[in-house]
Amino acid sequence: MAYTIEKNFLLEGACVVLVDISPERLQSTAAELASALDEVGIESGNRIRTYQADITSLTDMESAAAFTVEEFGRIDIMLNCAGIPLGRMGTMQDVAYGALYLCSDESSWITGEVLDINGGIYCKG
């Protein structure tokens, strides 16, 4: 499963909008996520949406944000994730747990922070 972060948020009850430039990848990922939820007895219902956009385009991202608000009424969390090298490749689960933490009640005292999950790459000399 390539979309571990999204899966974890869905398992916690969130709604997600997948954004990608490839319509084929969007459809296959949405189907994969819905199937993963079904496997553990969770109805995906109307909690997964897709939006085709180029994440390097500000206009596309503004449109994706407007689409999200139109579909779900608001945006609580925005997450952009790419692979991160460490001497080993980080896993999607490495990032998913950090993202879930920031969105959980356990982080209620943390505001306006960036959790830089980079495997220590900035500490290398």
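Modeller: Buried residues make up 26% of the 125 residues in the chain. Buried means under 20% relative accessible area, exposed means over 50%, and partly exposed is in between, with a 1.4 Å probe and protein chains only. This is a predicted model, where local features need pLDDT of at least 70 and side-chain atom pairs count only at pLDDT 80 or more, while totals for chains, interfaces and linings use all residues. Residues are numbered from 1 along each chain as its sequence is written, and side-chain values use heavy atoms, without hydrogens or water.

Start with the layout. The chain has four helices and two strands. From the N terminus on, the order is α-β-α-β-α-α. Helices (H or I, at least four residues) and strands (E, at least two) are DSSP runs, numbered from the N terminus.

Now the core. The largest nonpolar core has 15 residues. Such a core is a set of buried Ala, Val, Leu, Ile, Met, Phe, Trp, Tyr and Cys residues joined through side-chain atoms within 4.5 Å. Ile-5, Phe-9, Leu-10, Val-16, Leu-18, Leu-33 and Ile-48 touch the most other members. Helix H1 (4-11), strand S1 (16-20), helix H2 (23-39) and H4 each give two or more residues. H2 supplies the largest share, five residues. In soluble globular proteins, nonpolar side chains tend to be buried together.

Look at Phe-9. Beyond its neighbours within four places in sequence, Phe-9 is in contact (heavy atoms within 4.5 Å) with Ala-14, Val-16, Ile-77, Ala-99, Leu-100 and Cys-103. Across the chain, 58% of the contacts with a separation of 6 or more join residues 24 or more positions apart.

Thr-68 sits in helix H3. Thr-68 counts as buried because its relative accessible area is 14%. Its side chain reaches the backbone oxygen of Ala-64 at 2.9 Å. Leaving aside neighbours within four places in sequence, Thr-68 is in contact with Val-17, Gly-73, Arg-74 and Ile-75.

Compare Thr-91. This residue lies in the loop between helix H3 (58-72) and H4. Its relative accessible area is 39%, so Thr-91 is partly exposed.

Last, Ile-110. It is found in the segment after helix H4 (92-102). Ile-110 counts as partly exposed because its relative accessibility is 34%.

Methods
Polar contact = N/O pair within 3.5 Å; in protein donor to acceptor, adjacent residues only side chain to side chain.
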